[in-house]
Amino acid sequence: MMNYFKGTRLSRRLVVSSLAIAAALAIAPLQSAQAKWPERPIRLVLPFGAGGVADVTARIVAEKLSDKLGERVVIENQPGPGGINAARTVVTAQPDGYTLGLLSNGTAISVGLFNKLPFDPVKQFDMVSLVGTFDLVFAVDANGPYKTLGDFVKAAKAEPGKLNVGTIAVGSTQNLGGELFKSTANADFQIVPYKNSPDIVVALLRNDVQLMVDFPPSIQGQVNDKKIRILASSGLKRSPFLPDVPTVAESGFPGYDATSWNGIFAPKGTPKEVIDTLNKAINEVVAMPDVKEKFAMLGVTAQGSTPDEVMKRLTDDIKKWDAVIAKAGIPKK
């Protein structure tokens, strides 16, 4: 009897050991597969064409990420209204970490600008990290009468409806930044949309518009030539590239903030391990001195974040721009 129980205990030990080994062998390939990510090139889909600020900054980040991850990060440009084409490509891709997308405050604007989007950025995006932030600037003819933003608003209130503010097309960040300023200043002036930045500059120097709202690189040459004067920047804090220029809020219009930003997202359901790896790598990349320097040349502050911080920025901007669009009476598309 004693021998039988000894044999039974031994058999049980052998069974348990065999099961443990089998389980370990089953788990090992999964762990190995996870540890190997990435095993092939990663595509980063952009809702913008080649050559713009977003495209150039994304390529700078992609090059550095390729080095860090050991696989190429390939830029794929898919421009289109509201960033719809690019976002749809990402949200319908396998959530395996091999398809990423660039999102921006433009994504938040699209939620309020379109009657219905074929995706929900809040529910269908897994956020990864911010990449950079950048401010708009408010500028005038350097030889004109306005020395401060307050001077312009005072003149606009003295002659309601007479003064014009030039921006890029209706629904752009620049355009809505102008509309937000109009509401914040409680002044009556016309927001005049143009096809591109050079057209606005011509209109400003011709006095067709008396103020323009755009990104700094668009007017840097004219600022250097002292043809255009920057009156204010649009963030809550002064731009590190324009430390002597007050913010709109400092100029007498508290609460004004129209900061643009770019970030990276993945399809919903992307493994947390992949998100964490990407987040760590992106934050390390944007902290590199040479990346900061290259971004600065474009008027962009290199800035990483947590995934939650990107989501908060997106949801806050959706509320803000939806209200601006509604107040401006901009028809939905």
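Modeller: A pocket is an open set of grid points with protein on both sides within 12 Å along at least five of seven lines. The model discussed here is a predicted one. Its largest pocket has a volume of about 1000 Å³.

Biologist: Which residues that line the largest pocket are the closest to its centre?

Modeller: They are F48, G106, S172, T173 and Q174, out of 47 lining residues. A residue counts as lining if it has an atom within 4 Å of a point, so each of the 47 passes that test.

Biologist: Which elements give two or more residues to that lining, and which gives the most?

Modeller: The helices are α2, α3 (84–91), α4 (105–113) and α7 (173–185), and the strands are β3 (99–104), β4 (125–134) and β10 (260–267). Helix α4 gives the most, with 6 residues. By residue class, the lining of the largest pocket has 25 nonpolar, 19 polar and 3 charged members.

Biologist: How much space lies in the second largest pocket, and which residues are the closest to its centre?

Modeller: The second largest pocket holds about 610 Å³. It is lined by 29 residues, and T133, F134, D135, G235 and T259 are the closest to its centre. Strand β4 and helix α12 (307–328) each supply at least two residues of this lining. Helix α12 gives the most, with 6 residues. The lining of the second largest pocket divides into 11 nonpolar, 8 polar and 10 charged residues.

Biologist: Helix α7 and helix α12 have both come up. What makes α7 and α12 roughly perpendicular to each other?

Modeller: Their axes come within 10 Å and cross at roughly 75°. The range for that label is 65 to 115 degrees. The angle falls inside the range, and α7 and α12 are therefore called roughly perpendicular to each other.

Biologist: Which residues in α7 meet which residues in α12?

Modeller: On the α7 side they are L176, G177, E179, L180 and S183. On the α12 side they are K320, W321, V324, I325, K327 and A328. Sorted by class, this contact has 6 nonpolar, 2 polar and 3 charged residues.

Biologist: At what angle do the axes of α2 and α11 cross, and why is α2 called roughly antiparallel to α11?

Modeller: The axes of α2 (residues 53–69) and α11 (residues 289–296) come within 10 Å and cross at roughly 170°. The label applies over 145 degrees, so α2 is roughly antiparallel to α11. The contact is made by T57, I60, V61 and K64 of α2 with D290, V291, K294 and F295 of α11. These residues divide into 4 nonpolar, 1 polar and 3 charged.

Biologist: Turning to the sheets, in what order do the 5 strands of the open sheet stand?

Modeller: The order is β7-β6-β8-β5-β9, with mixed pairing.

Biologist: What makes β7 and β9 stand at the edges?

Modeller: Strands β7 (190–194) and β9 (228–233) each have a single partner strand, so one side of each is left without a neighbour in the sheet. From one strand to the next, the twist averages 30°.

Biologist: How do you know that β5 and β8 pair?

Modeller: Pairing needs at least two bridges. Strand β5 (residues 137–141) and strand β8 (residues 211–214) have 3 bridges, in the antiparallel sense, so they count as paired. Within these strands, V137 stands opposite D214 in β8.

Biologist: In what order do the 6 strands of the open sheet stand, and which are its edge strands?

Modeller: This sheet runs β2-β1-β3-β10-β4-β11, and its pairing is mixed. The edge strands are β2 (73–77) and β11 (301–302), each of which pairs on one side only. Strand β1 (residues 42–46) and β3 run parallel and are joined by 3 bridges. R43 has T99 in β3 as its bridge partner.

Biologist: Which residues does a cis peptide bond join, and where does P38 lie?

Modeller: The cis bond joins W37 and P38, with omega of about -5°. P38 lies in the loop between α1 (2–36) and β1.

Biologist: What is phi of N207, and where is its place?

Modeller: Phi of N207 is near 70°, a positive value in a residue other than glycine. N207 sits in the loop between α8 (197–205) and β8.

Notes. Residues are numbered from 1 along each chain as its sequence is written. This is a predicted model: local features need pLDDT of at least 70, side-chain atom pairs count only at pLDDT 80 or more; totals for chains, interfaces and linings use all residues. Side-chain values use heavy atoms; hydrogens and water are left out. Axes are lines fitted to C-alpha atoms, for helices over the stretch in contact, and angles run from 0 to 180 degrees between N-to-C directions. Helices (H or I, at least four residues) and strands (E, at least two) are DSSP runs, numbered from the N terminus. Angles under 35 degrees count as roughly parallel, over 145 as roughly antiparallel, 65 to 115 as roughly perpendicular and the rest as oblique. Contact means heavy atoms within 4.5 Å. Ala, Val, Leu, Ile, Met, Phe, Trp, Tyr, Cys and Pro count as nonpolar, Asp, Glu, Lys and Arg as charged, and the others, Gly among them, as polar. On a 1 Å grid over the protein atoms alone, a cavity is a set of points where a 1.4 Å probe fits but cannot get out, and a pocket is an open set with protein on both sides within 12 Å along at least five of seven lines; lining residues have an atom within 4 Å of a point. Grid points are joined across faces, edges and corners, and a volume is the space filled by probe spheres set on the points.
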